[in-house]
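Grab a pencil and have a look at the structure below.

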Amino acid sequence: MTFELKLQTITTTTSTTAMVAGKRQTKNKPDDQNRNNNLFALISDVTTTAQSFLSQNDLTLLPSQSLLLDSLISSTSHSLSTLLKPPHPLSLSSPQPQTSWFRRFISSTSISDSRWLDAFRMSNPSFFHLLDLLSPSITSSFPQISPDCALAAAVFRLAHGAGYTSVARRFGISPADACRAFFTVCKAVNDNLGNLFELRTDSNRVVEGFGFNTIPNCFGVLGLVGFGIEDEISGKNEFLMVQALVDAEGRFLDVSSGWPNSMKPETILRESKLFHDIEESRELLQGSSYKLSDGSLIPQYILGDSCFPLLPWLLTPYNRVNEEDSLSSAENAFNCAHSRAMGMFEDAFGRLRTRWQLLSDSRKWKRDCVEYLPFVIVTGCLLHNFLIKCNDPLLRDKGVSGVEKEGDFVASVGVVDESAVRIRDALALHLSRGSIKR
């Protein structure tokens, strides 16, 4: 019998017997007492068997499999503990390994072992390179745990969305230490890897990358993405918004996280540091203009989602004012190029959420934890850039959406910037000529 079939059999038996126990307990008939005792004993045996199977095969099971089985065992044990009354407590006595899963995992794997990708969403060389970079910060902030264990525990939680109790069991630490290790590593990543947001340090590479995609002098693609918040009181779907700038390789160049979805996209933009550095301090987009074939000069610019305003440095797609109006061939060419570029933005977040399940679009964060979410998102984005730089394999999952919103953002309307219109029109004409030649 394969591990998968054994796992399915054990999990099905455990959950089914727990449900039956709950139903029979509600009858509360005296003559059912013996039958209930026998059933509880059976469930205890099944759960113990599941624990034994997990402890014996935790190095060969996929993390998703072991976490599922672990969750079922815990929920079954908790449910039965609430149903049973003394003197019939549920007793689980499966022996636990003396050495943590993590230490056994390290000793049983090689540099090229693919299980590193399964467990930590990164290769062995990338993990230990990251450890070299972060060890001093981790050790100084949290000396009670070895830096490799702290880093591995934090990355495992980020990769699989595992709870602190599950992380603690795998790494031989307490849930409190698992929590502290996670936020210690997040801080170390933010403190030491912030240079991987290369907006200000590698602008030539960024512009050249879009040039290879026939979009001249482009400095990135700007969009908004939402992370769900669980509101038990109102029951409404709320989101924490993140404004991000992405390059042609799917790297994050700038991330501004923590905005409520009640704010308008234009307001988020104007309050971000990116806007300040472009409009006010003039630190960004000061490179040379690009000369088009007709002699027009195109300054450096960013392609932005339609929810943003059209500005000389932020080019948004053409929108039809009336349904009966049609776009010109040049406008269509620009919109097609713009759509391809926005696909880079969505793909970047799709890959981010595939690699880091703690940030997946199916997860809702509890309101009392929302204040930490922006910090975790930036950590995920920096590690995403780090792994691209390390040439780690891309992790893709069909059906994973990169963008989650409360609804489609409304296209921005307002005063038209004539300078921005001229720049977009000139670029649109250039792109349409290129498409005709191809």
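Here come two exercises with worked solutions.

This is a predicted model, where local features need pLDDT of at least 70, side-chain atom pairs count only at pLDDT 80 or more, and totals for chains, interfaces and linings use all residues. Residues are numbered from 1 along each chain as its sequence is written, and side-chain values use heavy atoms, leaving out hydrogens and water.

**Exercise 1.** Find out which residues line the largest cavity.

*Solution.* 
Step 1: A cavity is a set of points on a 1 Å grid over the protein atoms alone where a 1.4 Å probe fits but cannot get out, and lining residues have an atom within 4 Å of a point.
Step 2: There are three cavities of 30 Å³ or more, and the largest has a volume of about 60 Å³.
Step 3: Its lining is made of Arg-351, Leu-352, Arg-355, His-384, Leu-387, Ile-388, Asp-392, Leu-394 and Leu-395.
Step 4: Two or more of these lining residues come from each of α13 (329-355) and α14 (373-389); helices here are DSSP runs (H or I) of at least four residues, and strands (E) of at least two, numbered from the N terminus.

**Exercise 2.** Work out where Leu-285 sits, and whether Leu-285 is buried or exposed.

*Solution.* 
Step 1: Leu-285 lies in the loop between α12 (273-280) and β4 (290-291).
Step 2: Its phi is positive, near 60°, though the residue isn't glycine.
Step 3: Most residues other than glycine have a negative phi.
Step 4: Leu-285 has 13% relative accessibility, so it's buried (under 20% relative accessible area; exposed is over 50%, partly exposed in between, with a 1.4 Å probe and protein chains only).

Notes: On a 1 Å grid over the protein atoms alone, a cavity is a set of points where a 1.4 Å probe fits but cannot get out, and a pocket is an open set with protein on both sides within 12 Å along at least five of seven lines; lining residues have an atom within 4 Å of a point. Grid points are joined across faces, edges and corners, and a volume is the space filled by probe spheres set on the points.
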